[in-house]
Amino acid sequence: MTLSQDPNLARQRKDDHARLALDQQTEAKVSPFDEVRFIHHSFNQTNYDRIDLSTKWANHKHAVPFYINGMTGGSDFTKQYNEKLSLVAAATGLPIATGSMSIALKDPNVIDSFTIMRQNNPDGFVMTNLGAHHSLENAKRVIDMIQADALQIHVNIPQEVVMPEGDRDYSMWLKNIEAMVQELDIPVIVKEVGFGMSRKTIQQLIDIGVENIDVSGRGGTNFVTIENDRRTKLDLSALSNWGQTTPESLIAAAPYQQQVNLLASGCITDFTHIVKAIAMGAQAAGMSGKMLHFVNELGVDQTIELIESWKEAIQLMMLLLGVETISELQEVDWYATGNLNTFANNYSTK
Ligand SMILES: Cc1cc2nc3c(=O)[nH]c(=O)nc-3n(C[C@H](O)[C@H](O)[C@H](O)COP(=O)(O)O)c2cc1C
């Protein structure tokens, strides 16, 4: 067993992640989505009553174009968050993912911290989550534990590198993912964890048959900072701006928009970010750190109210932009400013 698989250490790590991620939410941040601007047009033919928020990804039609991304579970402390998040998902119809269920494969005592998400949300779209070092067999086990509708596989090399007990061998990741895509009878979504994706990465995933990709970019929860805070020696904070932002990743992914379902998470902290991410090619946008913050600060009922208000706000923005469907929203005029514009003009596949 490697250090990263030790159940005691893993439980502690889950608690550290939630605590440190919540601390990050209280820091003032500039959003990379500020550099995405819409072009205003003075006339449009849109009727509010015809606006349809539904979208399709992972072989499923979803009523709402945003979702709660993989975060917690694996300890008593994080079970409380999974309980709250799953109640929010059940009430609002948002798809939801568990945090990595790796720990549940080693420690049966923590399985209920994940299964509570299915109990609270029996009819919802619930995804399970594992790291790319796992075997097909492990993927089948966690899928069964929560009767998952889809499997998220996370790829997180920067986090593993900075994590004191992190994995140091990533040589089998693409092969493992390929086996899961070929053998599983539910959709596989490959996601980053806040470092974004390059065009090369997306091409590699398409080459092995992946059809759903969550670029999960930089700008929100930062796992280099979180893992560095868990270190007692060798300060690696100089790596804290590693990776591409979510808008940068969507620009990199744009040529593949017709070939795969692109999902956008990473620094989605208000409804305008959801609309911008979709305009940049995503089928839907995922929230993690900010959603954890909402259930922590507001509780379940107020978070549900907030999400319902966001659905209306997204419809109003679609009215403003002159579109009635998510696929029309993917075609609206926008432009990049500042650093994002520099990225768009200089990005190469190298
Ligand atoms: C407390 C916490 C725990 C997380 N654990 C996982 C995990 O187990 N598996 C995973 O794929 N991503 C995990 N993530 C990463 C998120 O799914 C997401 O990719 C990343 O946080 C960027 O989104 P954000 O800026 O909205 O937080 C975690 C995020 C947070 C905040």
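Reply: Start with burial: a residue is buried if 20 or more other C-beta atoms lie within 10 Å of its own, exposed if 12 or fewer, and partly exposed in between, with C-beta atoms placed from the backbone. Alanine 58 has 23 C-beta neighbours inside 10 Å, so alanine 58 counts as buried. This is a predicted model, in which local features need pLDDT of at least 70 and side-chain atom pairs count only at pLDDT 80 or more, while totals for chains, interfaces and linings use all residues. Residues are numbered from 1 along each chain as its sequence is written.

Me: Where is alanine 58 found, and what is its phi near?

Reply: Most residues other than glycine have a negative phi. Alanine 58 has a positive one, near 50°. Alanine 58 is in the loop between β2 and β3 (60-62); helices (H or I, at least four residues) and strands (E, at least two) are DSSP runs, numbered from the N terminus. Glutamine 147 also is not a glycine and has a positive phi, about 45°. Glutamine 147 lies in the loop between α5 and β7.

Me: Is glutamine 147 buried or exposed?

Reply: Glutamine 147 is exposed, because 12 other C-beta atoms lie within 10 Å. Lysine 56, in strand β2 (residues 55-57), has 13 such neighbours and therefore counts as partly exposed.

Me: Which residues is lysine 56 in contact with, leaving aside its neighbours within four places in sequence?

Reply: Two residues are in contact if their C-beta atoms, placed from the backbone, lie within 7 Å. With those neighbours left aside, lysine 56 is in contact with Lys61 and Gln283.

Me: How do I read a helix, and which residues of α7 are buried?

Reply: An α-helix has 3.6 residues a turn, so residues three or four places apart point the same way. In α7 (residues 173-183), the buried residues are Ile177, Met180 and Val181. They lie on the same side of α7 because they cover an arc of only 100° around the axis, the arc being that of the directions from the helix axis to the C-beta atoms. Lys175, Gln182 and Glu183 are exposed on the face turned away from the buried side. The cover over the buried residues of α7 includes α5 (136-146), β7 and β8 (188-191).

Me: What about a strand: how many residues of β7 are buried?

Reply: In a regular strand the side chains alternate between the two faces of the sheet. In β7, 5 of the 5 residues are buried, so β7 is largely enclosed by the rest of the structure. One side has Ala150, Gln152 and His154, the other Leu151 and Ile153, and both faces are covered.

Me: Which strands does β7 pair with?

Reply: Two strands pair if DSSP finds at least two bridges between them. β6 (residues 126-131) pairs with β7 in the parallel sense over 5 bridges, and alanine 150 is the bridge partner of methionine 127. β7 and β8 are also parallel, over 4 bridges; there, glutamine 152 has isoleucine 189 as its bridge partner.
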